[in-house]
Amino acid sequence: MRARNPLSGNGILFGVIGVLAAWQGAGCERGPLELVCTPLQPGALVVTEVSSAGWHWIEIANPGASEIALTGMQFLFGGAGGTYVDEFWIREHDVSLAPGGRYVAARFPGSVSPPAWADYLFGDEFDADFPSSGILEIHNCDDHADIGAINPELVDRVQWSGLPETGSWAFDGGQAPNALANDTPTSWCQDSHSQTLGAGPYDTVLGSPGEDNPPCATP
Ligand SMILES: [Ca+2]
């Protein structure tokens, strides 16, 4: 029996290997569509921005040279002490991130017209506020561990102390996105510059969702 993760809420079922079971047996009974899950190496995705001011959203980057499949990836939030806060998964099929690209997931419900800057909305499954001081972990599509667990397959993990009340907490745009470099608290800074990225009601935003981060000011 293949391990299955708890993602079946919308009928999507993720398998660890292969695209299987399109049809079962001679009776032509249609089985569940299972998706390819190719586990990522640690550091294959990098958390580059977190904002809880106004709307809650995160930005991740693909620092590598290959397109990365995001379907089934788990984003797990914890408090500063490692207590569980909330989590969401990328539940859409065929979601991927190009080399050098950035991807933004925002806590809007699926019923709203999505902001131009948001690639994925997770508000229907994530009720919590981001912790002011806390942890965000990205887990592989076949790896769903507890927050703070020792996990060699963890794709990236960042920790912060005190999210800004205005704008976002952004990894230094003077550095290339990197999952080791973003462990250094001093490589992050507040980004509260305003920009309008679309014509919708949520499209004027503070920070740089989906765009390169500005360099942190030199102290
Ligand atoms: Ca950004």
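Modeller: What follows takes the labels one by one, for a model that is predicted.

Biologist: What makes β12 and β16 edge strands?

Modeller: The open sheet of 6 strands runs β12-β11-β6-β5-β15-β16, with mixed pairing. β12 (120-121) and β16 (188-191) each have a single partner strand, so one side of each is left without a neighbour in the sheet.

Biologist: How do you know that β6 and β11 pair?

Modeller: Pairing takes at least two bridges. Strand β6 (residues 57-61) and strand β11 (residues 102-106) have 5 bridges, in the antiparallel sense. They therefore count as paired. Within this pair, E59 stands opposite V104.

Biologist: What makes β5 and β15 a pair?

Modeller: The cut-off is at least two bridges. Strand β5 (residues 46-51) and β15 have 2 bridges, so they pair. The sense is antiparallel.

Biologist: How many bridges join β15 to β16?

Modeller: 4 bridges join them, and the strands run antiparallel. W169 stands opposite Q190 in β16.

Biologist: Which way do the residues of β15 point?

Modeller: S168 and A170 point one way, W169 and F171 the other way. All are buried.

Biologist: Why is P63 called partly exposed?

Modeller: Buried needs 20 or more C-beta neighbours within 10 Å, and exposed needs 12 or fewer. P63 has 19 inside 10 Å, so P63 counts as partly exposed.

Biologist: Where is P63, and what does P63 touch?

Modeller: P63 is in the loop between β6 and β7 (68-69). P63 touches V46, A176, P177 and N178, not counting residues up to four places away in sequence. P63 and P177 are 114 residues apart along the chain, yet their C-alpha atoms are separated by 6.0 Å.

How values were computed:
Residues numbered from 1 in each chain as written. Predicted model: local features only at pLDDT ≥ 70, side-chain atom pairs only at ≥ 80, totals over all residues. Contact = placed C-beta atoms within 7 Å.
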